[in-house]
Amino acid sequence: MAEVVFDSVCKQYDDVVAVDALDLTIAPGEMVTMLGPSGCGKSTVLRMLAGLVMPDSGRILIDGNDVGGLTPGERDIAMVFQTYALYPHMTVAQNIAYPLRKRGVARAERMRRVRALAESLQIAPLLDRRPAQLSGGQQQRVALGRAMVRDPSVFLFDEPLSNLDAKLRAHMRGELIELHRRLGRTMIYVTHDQLEAMTMATRIAVMADGALQQYGTPADIYDRPANRFVAGFVGTPAMALIDGALLFQDNRAILGIGGLTVDLGIRRFRDRPVGTWQVTVGIRPEDVTIGNGPFAARISAIEPIGHETILTLEAGTARLCARVAGSSLAAVGETVRFALRQHRLHFFDVVSGRRIDEIGLAVVDGKAM
Amino acid sequence: MAALLRLRPATSPQALARRDALLGLLLIAPTVLILSAVIAYPLATTAYLSLHNVYTPTLATEWAGLSNYRAILSGGTFWHALATTLVWTIGTLALQLLFGVAMALLLNRNIRLRALARSLVLFPYFLATVVAVLVWRWLLNGLFGVVDHALIALGLIDTPVDWLGTMPNAMATTIVIGAWKFFPFVVIAVLARLQTVPAHLYEAARLDGAGSWARFTDITLPHLSGVLGLVALLRMIWDFREFDLIYLLTGGGPLDHTRTLPLVVYQQAFGLNQMGMAAAYAVLMMLLVLAMTIPYLARARGRR
């Protein structure tokens, strides 16, 4: 097990800042997913750790050792690529044995370890085949085998499931979780698929524009997004983000969004500021309850998924989604009444986009009233 | 009764198939005709001539049977020329592949002015042979050639070297100039293949602990094997039949030390005015070239 530390690591390609002063400490044995949209720098982070890309500045430490001067082969790291990167002219057995061969492990020992690994990955009958003769799922297992065979202290995965069909992807997610549990190694997993990130990770690092947005458990990320980007990126359908105003009056907070007025009471804001604050309000679809409630909205779209139905609502100028169990009898254009789970609303500073929390407005955004 | 009432299509499937077959023949007819005109007819004529004694200036022809072939295979000229041809072909081909692969690897890297270097490297291949040979003969000239001058200045030799007039210099020089002239062909083919090798394979190999030489032998070479086989076959055929470069450079000399089979054909046809003998030599050359392609065709069929 190994601890991985990024210490103000920067990387720039020509004019584009790929990674901007990344500080991140990954505890030993974690399964961390780096989540973010294309071009957010997550792959660059992985490749810098692997030694395939050199950082412009900053240090990367594995178990306290600066790996800046080590070649990829010396870093005790294995990587599974999106394309699997199996050597096409070698058999499955030769592919898996390759890292051992390059490290001078004797032939008999190589064969023994390859065979044992093939048994555990259920690819023993395929050992004499070539990658081109395998299905995507089988190639994936061979790539895993090649990563596992030399028992590295850190595993890296670069979108390893994106070339598989949906059913196989779900199955392999389960296998990777099991693999992590069994090996207990530090694993870092790059993906743009939030379902993979949420289901597999012990911790998620959300990245955007080369900067780390939030590092926390999946529950943290979902329930307490650190800023507007994380709030909008994680969750399907996305959290509605609506600009509004918070009015503090007589020790009560009153929220005005898109023509709706919500009395939040006094419990949320410790500092009990006064006056009007411009905020962005985040509302997850499951926190909108349809049927009864103080608000009215027009249904502008209905997406039945089977076990649930997503309704898109227009209330005044605000647009938000609601999740309804089962199928809905409502029709587009109808007006429905709804309520909000007030204690589940999220607030973000309009300017900085950062989360405004129970700690108080004045403390979080640094503006005194 | 039901059988009598069965509906019959106006046109039977057999008739339709016949009509398609006729259209097919019509469509390939132009190709077949052109190929016949430019390949089959000259081939047949050569084979016909090789069975006759033909006096080149008058084209007076008399039946000779297999006597031309008998004379060629029992005489020493053919075997000596064949050995010379093989030395030239194998020597220049090996150098072309070596230079070609090395240059392609270099041009595949992210070097500065790569686009310019890629075009410049093709220069020898596009240069007319007669121009290239004239330039080389000047460069190698013993009185005022730059090559001797530079080597003397560097202290490597004391007196000018006779590059083309003695053996083994003449053969070595011809082989090297042939390699210089034709290695860009290897570069183009190999470079194109190199660019299709997935970069992830090299990254995976680096993580697996492979150094640069291991990455070359374990990833690059296996990817190149197919294109190298094809390029080597094509260049071997072309080098085997190479005429103008050798003829212009040495004329086959000194004596007959660089006289390859194509030069013998030319000498027989226009020097000795024996078109029938020349044709017989040409037929034998064709059979040898065909033999060279057999391993490749066998391998291609095995892969299918």
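## The domain interface of chain A

Across the interface of domain 1 and domain 2 of chain A, seven residue pairs are in polar contact (both at pLDDT 80 or more); a polar contact is a pair of N or O atoms within 3.5 Å, where within protein one must be able to donate a hydrogen and the other to accept it, and residues adjacent in sequence count only if both atoms are side-chain atoms. The model is predicted: local features need pLDDT of at least 70, side-chain atom pairs count only at pLDDT 80 or more, and totals for chains, interfaces and linings use all residues. Residues are numbered from 1 along each chain as its sequence is written, chains are lettered from A and ligands numbered from 1 in the order in which they are written, and side-chain values use heavy atoms, with hydrogens and water left out.

Select helix H7 (218–223) and helix H8 (228–233) of chain A: each supplies at least two residues of the side of domain 1 that touches domain 2. Helices (H or I, at least four residues) and strands (E, at least two) are DSSP runs, numbered from the N terminus. The residues on this side of domain 1 of chain A comprise five nonpolar, two polar and three charged. In this classification Ala, Val, Leu, Ile, Met, Phe, Trp, Tyr, Cys and Pro are nonpolar, Asp, Glu, Lys and Arg are charged, and the others, Gly among them, are polar.

Next, colour chain A by domain: domain 1 covers 4–233 and domain 2 covers 240–365, with bounds from an automatic or database domain assignment. Their centres, taken over C-alpha atoms, are separated by 38 Å. Ten residues from domain 1 of chain A and 14 residues from domain 2 of chain A take part in the contact (heavy atoms within 4.5 Å).

The area buried between these two domains of chain A is about 1000 Å², with 44% from carbon and sulfur atoms. Buried area is the accessible area (1.4 Å probe) that two parts lose on being put together, summed over both.

One salt bridge is counted between the two domains of chain A, the term denoting a side-chain nitrogen of Lys or Arg within 4 Å of a carboxyl oxygen of Asp or Glu. Select Arg344(A) and Asp223(A), which form a salt bridge with their closest N and O atoms 3.9 Å apart.

## The sheet and the loops of chain A

Which strands form the open sheet, and in what order? Six strands of chain A do so, in the order S13-S12-S11-S14-S19-S20, with antiparallel pairing; two strands pair if DSSP finds at least two bridges between them. Strand S13 (260–265) and strand S20 (355–356) of chain A stand at the edges with a single partner strand each, so one side of each has no neighbour in the sheet. Zoom in on S11 (240–249) and S12 (252–257) of chain A, which run antiparallel and are joined by six bridges. Arg252(A), in S12(A), is the bridge partner of Gln249(A).

Move to Pro237(A), in the loop between H8 and S11 of chain A. The peptide bond from Thr236(A) to Pro237(A) is cis, with omega near -10 degrees.

## Where chain B meets chain A

Display both chains: 15 residues of chain B are in contact with 23 residues of chain A. The two chains bury about 1600 Å² between them, 58% of it on carbon and sulfur atoms. Three salt bridges are counted between chain B and chain A. For a salt bridge to inspect, select Lys102(A) and Asp218(B), whose side chains meet at 3.2 Å, N to O. On the side of chain B that touches chain A, helix H10 (199–207) and helix H11 (212–240) of chain B give two or more residues. H10(B) provides the largest share, seven residues.

## Inside chain B

Colour domain 1 (43–74 + 274–304) and domain 2 (80–270) of chain B. They bury about 1400 Å² between them, 82% of it on carbon and sulfur atoms. Select Tyr281(B), Met285(B) and Met292(B), which lose the most area in domain 1 of chain B to domain 2, together 41% of what that side buries. Zero salt bridges are found across this interface of chain B.

Finish at Pro168(B), in the loop between helix H8 (146–153) and helix H9 (169–194) of chain B. A cis peptide bond joins Met167(B) and Pro168(B), with omega about 5 degrees.
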